[in-house]
Amino acid sequence: MKGVLLVNLGTPEAPTPAAVGAYLKEFLSDPRVVDLPRWLWLPLLNQVIIPLRRYRSAAAYSEVWTPEGSPLLVGSRNLADRLAVSLEGYDETRLAMSYGKPVIRQGLEELRAVGVDELTILPLYPQYSGTTTESVFDAVSRHLRDLQWFPGLESIQKYHDAPGWADAVAATVREFQASAGTPEKLLFSMHGIPQRYVRNGDPYAGQCEQSTRDIATALNLDEGDWLMAYQSRVGREPWLQPYTDEVISELAKEGCKHLQVVCPGFAIDCLETLEEIEMQYRDLFLKHGGEKFEYIPALNDRDDHVALLADLVRAQSPE
């Protein structure tokens, strides 16, 4: 029997300082995410960063929390449920989170319990990075060893270049603009990582650039119609540039009145798109003279997203 484990980043269980603090501790303790020496990083994390960030982050989560729960968890569940239907009779599908719940070990235990002997791991990151994708593979390998379970294993490292992905993102842009109009500029905002990681060999930046070019080509955009930037930086060391907030400020100051932002590195809408982009950066654009700012939603559980992921899984584990 063939099984699929979808894995997304994770989310607090509630928009409270306590829940956010617990989530941040798990997330930021991962050496794939922050690779500083543990003796230096963990005291700083536990004694300074979490106490300072948990209240601010909890307030941000409260802005986007839904009656059903975290947008990332709700959206990921919807996608997993739709993918399971698409693969019904062919695969067992489970959802897990790298940090928070449902945990990866639980998903693996459930797949083993129903008799899965061929397993495909699908991290919901279109572009590969050691900070995200490889962290998933680390956790899966660790739990499989602990469980003494060794199914046939396929791991999908990236899918930004899978057939249909760029076209699906382009379709979201076209459909949005059919009602909202065409902006003066379209900004592609990708999640950032420290520049140091890329210098050390992480291919993430190159894949982000290729992704953006592929979508722009699918949209028949001219070079002057679009830009790419990186969001969500933290700390003092240089991250991938240009920075989204600085680009947005400069566009507004230079006279851009209508800006749309799409975030094709995010499979599911989450805090970074719904609060950081749609709220914080909207205010930033308007503050500096912009007049119309719009965020174009992620693929989420669109039909074309479900279809391309199903095709990707089938291609990894053919009949």
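**Exercise 1. In which sense do E3 and strand E4 pair, and over how many bridges?**

Before we start: this is a predicted model, where local features need pLDDT of at least 70, side-chain atom pairs count only at pLDDT 80 or more, and totals for chains, interfaces and linings use all residues. Residues are numbered from 1 along each chain as its sequence is written, and side-chain values use heavy atoms, with hydrogens and water left out.

*Solution.* 
- Step 1: find the strands. Strands here are DSSP runs of E with at least two residues, helices are runs of H or I with at least four, and both are numbered from the N terminus. E4 covers residues 152–155, while E3 covers residues 118–123.
- Step 2: check the pairing, which takes at least two DSSP bridges between two strands. E3 and E4 have four bridges, in the parallel sense. Have a look at Leu 119, which stands opposite Leu 153 in E4.
- Step 3: follow the chain. From E3 it goes through helix H5 (residues 133–147) to E4, a right-handed β-α-β crossover. Right-handed means that, with the strands pointing away from you, the path from the first strand over the helix to the second runs clockwise.

**Exercise 2. Work out which strand pairs with E3 over six bridges, and whether E3 is largely enclosed.**

*Solution.* 
- Step 1: go to strand E1 (residues 2–10), which pairs with E3 in the parallel sense over six bridges. Val 4 has Thr 120 of E3 as its bridge partner.
- Step 2: look at burial. Buried means under 20% relative accessible area, exposed over 50%, and partly exposed in between (1.4 Å probe, protein chains only).
- Step 3: conclude. Five of the six residues of E3 are buried, so the rest of the structure largely encloses this strand.

**Exercise 3. Describe the surroundings of His 258.**

*Solution.* 
- Step 1: His 258 sits in strand E7 (residues 258–262), and it is buried, at 11% relative accessible area.
- Step 2: list neighbours, using contact as heavy atoms within 4.5 Å. Leaving out residues up to four places away in sequence, His 258 touches several residues, among them Thr 182, Pro 183, Phe 285 and Glu 294.
- Step 3: pick out a polar contact, that is, a pair of N or O atoms within 3.5 Å; within protein, one must be able to donate a hydrogen and the other to accept it, and residues adjacent in sequence count only if both atoms are side-chain atoms. The side chains of His 258 and Glu 294 make one at 2.8 Å.
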